[in-house]
Amino acid sequence: MSLFRLLEISVYQLFDLFPNLILAIVPFRDSMRFSKRNTTIIVLVLYALLVCSRILALKGISVAAFMTTLWIILYLCFYMICIRAQLTKLLFVLLTVLNYGSFVAIIYSHFAFQRFPLAIARPYSFFSTGILLLTYSVSYPILYRMVNRKLKILITFPENNKFWRYLWLVPATFCLSYYYNLYANGGIISFSTELNNVLFAAFFNLGALFVTYLVMHLLGESNANLKLKAENYQLGMQSMQYENLKGRMEDARRAKHDLRQILAVVQSYLKDDDKEGLSEYMHRYEISLPSASPISYCGDYALNALIVYYADMAEAKHISFDAKVQYPDSLDITDTDAAVLFGNLLENAIEACIRQTQERRFILLRTKAIQGMLVITLDNSYSGSIERLGDIFLSSKSKREGIGTSSIQKIAKKYNGTAQFHFDDTSFHASVILNTHIHY
């Protein structure tokens, strides 16, 4: 092969690879594993391998089909090496871009080899590259806009993770159909000789894009509903905190107003030298005093309102409550997950203490951020028996799997962490570790 021919193939591969590579990276540009320099080196290695595969693909249809499979593997390996993201998300974007690339190849082949017969003897020539660039210039802005404005937002939304397990099958189905039709009809050049095939590919690709757009639109609606739900929850927590603060201020104002009368009663007991009556009166007065639990445990408004709520409940039930919460402002934990996690931990502890028959009842909560991890421990007293089936704790109400402990374990798993529960004769111990990126 002459040096000129090698240059033609290299230039063609350059302009065929990079537009699609940009589409593939745009949704994950905030999740790159390496620096720009190291990523560029990996891209150049990928480019060199693809140029070699283009040269081999000229040897015949069977080799071309094998090379197509190899290209997909190379793209996926590049993805997994360079990008830190869920595999099914990578597959969804990769297969969507491959479908688009196949469509461009069919359109370009039809015009390059059917409308301009002089180019048919030289695949990947400079003339072919010009037709390829013209095809991209017409269709590329539409797909780039959809990927950059729509897909990127959906991929970065953490609540979508469960949907991506199945969504990647949508572009996968179109991709398999594409390649089957192409190589069952002798490859891209042979397939594109018939105008009917080109029109079929055009409508097929439009259908694939429409389905992909519809999926993204529905997922976007789901995201909007989840965000609204989270915002409503946070407003509810803020309202709870406001009402709690307002109630405490009212209690303090009332206590100050009543102090003069209290002092008069105390003076009366002292005048009569009734120490026993004074002691009993002061005990009743102490019980009626406003809550002494802290108003602020952490800087997160919603989480603080939740802890204050359970702290007040514990005080009302005469349960000793002690919480020291280190919770940085920018934890990568959604407000909903934090509320479910801490809410279940505290609710289980409160219920266990309420059912307790022995005198000393306590709840001890500790939270600390350590090197990218959030460590939560909660100890509480209990009495009676704890039933479990293997590692599954059973609810004391229905003798089925406890919803609270199950929810805690699911959230820990979601953040690549652990949730463990231990108990002895008098105390129950819960420990949760969440792996989360923390910004200080």
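**Exercise 1.** How far apart do the end C-alpha atoms of residues 90-111 lie, and what percentage of the span is helix?

*Solution.* The structure is a predicted model, and the unreviewed UniProt entry lists residues 90-111 among its transmembrane regions, together with others including residues 6-28. In the model, the end C-alpha atoms of residues 90-111 lie 32 Å apart, and this span is 100% helix and 0% strand. For residues 6-28, the corresponding separation is 33 Å, with 87% helix and 0% strand.

**Exercise 2.** Work out which residues Asp322 forms salt bridges with, and how they are linked.

*Solution.* Begin with Lys324, whose closest N and O atoms in the salt bridge with Asp322 are 3.6 Å apart. Next take Arg366, which forms a salt bridge with Asp322 at a closest N and O separation of 2.9 Å. This second pair links distant parts of the chain, since Asp322 lies in strand 1 (residues 320-325) and Arg366 in strand 3 (residues 362-370), 44 residues apart. Taken together, Asp322, Lys324 and Arg366 are linked in a network of salt bridges. Asp322 is partly exposed because its relative accessible area is 30%, a value that falls between the cut-offs of 20% and 50%.

**Exercise 3.** Determine where Asp273 lies and whether Asp273 is buried or exposed.

*Solution.* Asp273 is found in the loop between helix 9 (195-271) and helix 10 (275-288). Its relative accessibility is 56%, so Asp273 counts as exposed, the cut-off being over 50%. On the surface, Asp273 gathers with Asp272, Asp274 and Glu276 in a patch of negative charge.

How values were computed: Residues are numbered from 1 along each chain as its sequence is written. This is a predicted model: local features need pLDDT of at least 70, side-chain atom pairs count only at pLDDT 80 or more; totals for chains, interfaces and linings use all residues. Side-chain values use heavy atoms; hydrogens and water are left out. UniProt positions are given in the numbering used here, feature names are shortened, and annotations may be inferred rather than shown by experiment. Helices (H or I, at least four residues) and strands (E, at least two) are DSSP runs, numbered from the N terminus. Patches are made of residues with over 30% relative accessible area and no salt bridge: like charges are joined within 9 Å, nonpolar side chains (Val, Leu, Ile, Met, Phe, Trp, Tyr) within 5 Å. Accessible areas come from the Shrake-Rupley method with a 1.4 Å probe; for residues, only the protein chains shown count as cover. A salt bridge is a side-chain nitrogen of Lys or Arg within 4 Å of a carboxyl oxygen of Asp or Glu. Lys and Arg count as positive and Asp and Glu as negative; His and the chain ends are not counted. The place of a charge is taken as NZ of Lys, CZ of Arg, CG of Asp or CD of Glu. Buried means under 20% relative accessible area, exposed over 50%, partly exposed in between (1.4 Å probe, protein chains only).
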